[in-house]
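Here's a quick briefing for anyone meeting this structure for the first time.

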Amino acid sequence: MSLDTAALHHDSVVFNALDCTPLAWADETYLGKLAASGVTALNHAVSISQDYDAAAAALVGWQRRLAETRGRLFQAYGLEDVARAKADGSIAWFAGFEDSKPVGEDLWRLAAFHQMGLRFMGLTYQNRNFAADGSGESANGGLSRFGRALVKECNRLGVVLDLSHTGERSTLETIELSDKPVLVTHAGLTHFVDSPRNKSDVVVRELAARGGVFGLAAKSGFLDPDGLTCRPSAQVFADNIDYLVELVGIDHVIVGTDVGDERKYSREGMARVRRLYPEIPMAGEDLDLDRLHPEGMGTPADLPVITELLVDRGYTAADIVKVLGGNLQRTLAGIWDTAA
C-alpha cells in the first residue's frame, strides 16, 4: 500500500535543524512560507559571526518579532515546547548562533546567552576563532584550550554544539571530547563534493558512533559536483540521504536545510560569500541565483519535498518520521535532559 505523503508530513513532527532567514525578512510573507512548510520546530540562526553586543541585539530583535506573531511562532526552550507546538498548530522557534564568536573568550557570556534562550551554537563559522579552526582554515588546527573548556560548558548548560562550519580536526576532537552528542545540522558529504565545507566519511561515522546526527544542506554545490554550473533536480538530495543511510543508518539522519527566505539572496551577497569564503561551494562564477538550491527546494515552504523524496525512494513511514523529527528529538533529549 502506497503512503499518503501529504498526511504523513502533516501528522509528523517536522523539526528543521537550521533556518537562516534574517530578521529583515521575518514578515507575514515569510510566516506564510513557514506555515506552508508544515514545520513544527526550527533552530533559527539569529547570528552568523558577530560580537557579543551584536548577537545579543539580534536575539532580542527576534524575541520582539516573535511577540508580534501572537503565538503563531514562539520562542522554545525544550522539547516540551515542540510537543506544545504540534498540539496547537504553532511553531516552536529555537535560538541558535552559527559561530561561538559572540562568546569571545569569556564563558560567562555563554551562560548569559543561555539565559536568553540560546539552545544551539556552531563552534566556528569558517574562520578561526578563540575555540577552534573553521573549515576555511588551511592549517586545520584543533581545539584550543579555551575551545575545550567551551565544549564542556556547552555540555553542562545544554547548548547544542553544531559542527557544520568547523574544520575536520576540530570536528573530530570535539566529537571525542564532548560528553553529549554533537550535531552537523547543515553540510554536504565529501563523497559527492570534495570541499572543506563538506564532511568526510570519517567524520560522519565518528559523529554517529557517539550518538550524533547529520542534516544535509539543500544547496546545489554541496550536493552535486556539477551543482555550481548546472542546477540539479531534488533527486540529488535523496541520493545524499541514501548514502548517509548506507554509511551510518537511518537513525542518524535529520532535516537541516539551511534554506532561508529566498528574498535574502542577491548577486552582491553571493559575490561577498565567494570573496570571503571561497571554500564554500555555494555560487558559481556567474552568480546565478537560480542554481543555489536544487529544483523545488529553494524556499522555506518546500520542506514537504523531502517527505515526497523519501516516500518515492521506498522508505517506510516509521523511518520517514525519524528523519523528519524523531531522530533530532531523541538526540536533543540526550543533551537537554541531563543539563545543569
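Helix 10 has 14 residues, which at 1.5 Å a residue should span 20 Å, and the 20 Å between its end C-alpha atoms agrees with that. The expected span is 1.5 Å times one less than the number of residues, while helices (H or I, at least four residues) and strands (E, at least two) are DSSP runs numbered from the N terminus. Keep in mind that this is a predicted model, where local features need pLDDT of at least 70, side-chain atom pairs count only at pLDDT 80 or more, and totals for chains, interfaces and linings use all residues. Residues are numbered from 1 along each chain as its sequence is written, and side-chain values use heavy atoms, with hydrogens and water left out.

**Helix 10**

- The buried residues here (buried means under 20% relative accessible area, exposed over 50%, partly exposed in between, with a 1.4 Å probe and protein chains only) are V236, F237, A238, N240, I241, Y243, L244, L247 and V248.
- Those buried residues pack against helix 8 (201-209), strand 8 (213-216), helix 9 (220-223), strand 9 (253-255) and helix 12 (304-312).

**Helix 6**

- Helix 6 (residues 145-157) gets the same kind of check: its 13 residues should span 18 Å at 1.5 Å a residue, and its end C-alpha atoms sit 19 Å apart, which agrees.
- At its start, a side-chain oxygen of S144 comes to within 3.4 Å of the backbone nitrogen of F146.
- Helix 6 buries F146, G147, L150, V151, E153, C154, N155 and L157.
- The cover over those residues includes helix 5 (107-115), strand 5 (118-122), strand 6 (160-162) and helix 7 (168-177).
- G158 follows helix 6, and its phi is positive, near 90°.

**The nonpolar cores**

- A nonpolar core is a set of buried Ala, Val, Leu, Ile, Met, Phe, Trp, Tyr and Cys residues joined through side-chain atoms within 4.5 Å.
- The largest one has 89 residues, and W93, L110, M121, L150, F214 and F237 have the most contacts inside it.
- Helix 10 (residues 235-248) gives this core its largest share, eight residues.
- Apart from it there's another core of 18 residues, with F94, V160, I254 and W336 among them.
- What does M121 touch, leaving aside neighbours within four places in sequence? With contact meaning heavy atoms within 4.5 Å, the list is F97, D99, S100, V103, L110, L150, C154, V159, V160, L161 and D162.

**Pocket and cavities**

- On a 1 Å grid over the protein atoms alone, a cavity is a set of points where a 1.4 Å probe fits but cannot get out, and a pocket is an open set with protein on both sides within 12 Å along at least five of seven lines; lining residues have an atom within 4 Å of a point.
- Grid points are joined across faces, edges and corners, and a volume is the space filled by probe spheres set on the points.
- The largest pocket holds about 760 Å³ of space.
- Its lining has 30 residues, and C20, P22, I48, Y125 and K264 are the closest to the centre.
- Strand 2 (41-47), helix 3 (52-68) and helix 11 (267-276) are the elements that give two or more residues to this lining, and helix 11 has the largest share, five residues.
- Strand 1 (15-19) and helix 2 (28-37) each supply at least two residues of the largest cavity's lining.

- N16 is in strand 1 and is buried, at a relative accessible area of 5%.
- The side chains of N16 and T257 are joined by a polar contact of 3.1 Å (a pair of N or O atoms within 3.5 Å; within protein, one must be able to donate a hydrogen and the other to accept it, and residues adjacent in sequence count only if both atoms are side-chain atoms).
- P225 is in the loop between helix 9 and helix 10, and its 59% relative accessibility makes it exposed.
- Not counting residues up to four places away in sequence, P225 touches F192 and V193.
- S200 is in the loop between strand 7 (183-187) and helix 8, and counts as buried at 12% relative accessibility.
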